[in-house]
Amino acid sequence: MIPELLLQLPLPIAANAVTDGIGVVLQWDTLLYIGLGMLVGMLVGAFPGVTATMAVALASGFTLTMDPIQGLAVLLTIYVAAQFGDRVPAILINTPGTPASIATTFDGYPLAKQGKAGLAMTASAFGSAFGMIIGIIVLSLFAIPLAGLARQFGPPEMFALVIFGLTMMIGVSSGRIFKGLVAGAFGLLLATVGRDPITGDQRFTLDILELNGGVPFIPVIIGLFGVAEVLNQMVTHRRNAIQDKPISQLGQWMPDRAMFRRLIKPMGIGAGTGSVVGLVPAVGGDIAGIIAWDNAKRFSKRKDEFGKGSIEGLTSADTSSTATLGGSVTTTMALGVPGDSVMAVLIGSMMIWGIQPGPALFTNDPSLVYTLATILLVATVLSLGLSLVRMKSMVKLLELKNQYLWIIILVFCMVGTYSISNSVFDVFVMLIMGLIGLFMLRFGFPAGPAVLGLILGPLAESNLRRTLIGDGWTGFLTSPIALVLFAISAAALLLPPLRQMRLRRKQALKGKDEGLSVLIP
């Protein structure tokens, strides 16, 4: 199956889009940056508490001076490699390296306790690589048709699409709908600082020259995801707490032929689940992994093993969480709506490079799809190769004290933020956002909607105002696409609390019935 837009192009031009996209990546300097990103990503994934979002946010400060393709290669490779490295602490110390490996702990740690840690890590690596390749196929096939469809959108549809992306991220904020709304409103408020996008008038700049261009993205992102996380770990750290010792006996390393045959079915279930979930904006690999684990259990002949050390459960979850990446990149680049928090950070970097993700990106430059697909494929092959090397040193890394890690991260936050534009003001903004992020973490406000509000705020405002100036509110009411997107957005906000209310009512009725049965024997 070839993307429809490519079929509409003359054959030489379509072929050029593919070869140009691949050729840009296969340059020695770009490959070098991919190798660097892979090492950083593997290390990031292996350290619990350092999320892929934090790592990509930190790296953003150092990549802004690079060529955009090289910068994208570094950031995307960190994201890919972190999805391989995060399985190591999940399996060896029962602690997810990133949220995407939460479901890995269900069966990975029990397998490690049975002396099968090596087998669990290699099976996880093969499943992750398979899921990633399926995600890359999804990106290659659907990105250009989706962008072509979205190209037909006018201001009402674009505004509705931004609201859809925001509400989806709020709706999956672990049941914290109200706090997600507050965080999103905070991000939208930050987005109003600077010059009016239509009239050019100053707004909320407090006569600070640096705010004329708006609140800088990258310092906000580094503050909310980097500094805040480190401060939170410092606050919650117990001086006398005993750090978990990783399981060091790896046992059998490579699966045999019979084991490979057994992995085919859960890998298929995981890839299918992750590919569909990945296309839904704001739903990340953590949710996809849990859904696939449950699906694999339902179709398995060995249901009893799930949660106690099932190689099928482990593989299905890890395949699914990585399969979401292709769909996530597709919606981010083709629609301009981030697929997850890492993609929200990536959009911030791309906008500073002068690249605006959205419907026009792939339709104007189809070769970019194949550039991104090639970066992801090379990063996957390299990460798989490194994951299959039996490294005892990785176990030693898990014993590193958190205090050393905090210092390293804070230094990188400072240097990375200052290096963006050699501005002390940016560092000041980062520190303030770090404190705000700490408050959000301590009181359960998700940071993702805040970043999304900051990034998508100007797009939402300009399209809302264009619609109102042109057609008024009837512009929304006469657009079927906008109405459907508004309806889905409303459902994403209303259904979770309604479901909780129904569940509470059921539990209350059940408790009442049990009480009556005690009184009336």
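This is a predicted model: local features need pLDDT of at least 70, side-chain atom pairs count only at pLDDT 80 or more; totals for chains, interfaces and linings use all residues.
Biologist: Thanks! Is S479 buried or exposed?

Modeller: S479 sits in the loop between α22 (474-477) and α23 (480-519); helices here are DSSP runs (H or I, at least four residues), numbered from the N terminus. Buried means under 20% relative accessible area, exposed over 50%, and partly exposed in between (1.4 Å probe, protein chains only). The relative accessible area of S479 is 4%, so S479 is buried.

Biologist: Which side chain does S479 join in a polar contact?

Modeller: A polar contact is a pair of N or O atoms within 3.5 Å; within protein, one must be able to donate a hydrogen and the other to accept it, and residues adjacent in sequence count only if both atoms are side-chain atoms. Here the contact is 2.5 Å, and the partner of S479 is E157.

Biologist: And T380, buried or exposed?

Modeller: T380 belongs to helix α17 (residues 367-387). Leaving aside neighbours within four places in sequence, T380 is in contact with V80, F84, A129, M132 and I136, where contact means heavy atoms within 4.5 Å. Its relative accessibility is 2%, so T380 counts as buried.

Biologist: How about L189: buried or exposed?

Modeller: L189 is in helix α10 (residues 177-191). Its C-alpha atom is 8.0 Å from that of G453, 264 residues apart along the chain. With a relative accessible area of 56%, L189 is exposed.

Biologist: Now the helices: are α4 and α5 roughly parallel or roughly antiparallel?

Modeller: The axes of α4 (residues 52-63) and α5 (residues 68-85) come within 10 Å and cross at roughly 160°. Axes are lines fitted to C-alpha atoms, for helices over the stretch in contact, and angles run from 0 to 180 degrees between N-to-C directions. Angles under 35 degrees count as roughly parallel, over 145 as roughly antiparallel, 65 to 115 as roughly perpendicular and the rest as oblique. Therefore α4 and α5 are roughly antiparallel.

Biologist: Last one: are α8 and α14 roughly parallel or roughly antiparallel?

Modeller: The axes of α8 (residues 117-150) and α14 (residues 311-335) come within 6 Å and cross at roughly 25°. That makes the pair α8 and α14 roughly parallel.

Methods: Residues are numbered from 1 along each chain as its sequence is written. Side-chain values use heavy atoms; hydrogens and water are left out. Helices (H or I, at least four residues) and strands (E, at least two) are DSSP runs, numbered from the N terminus.
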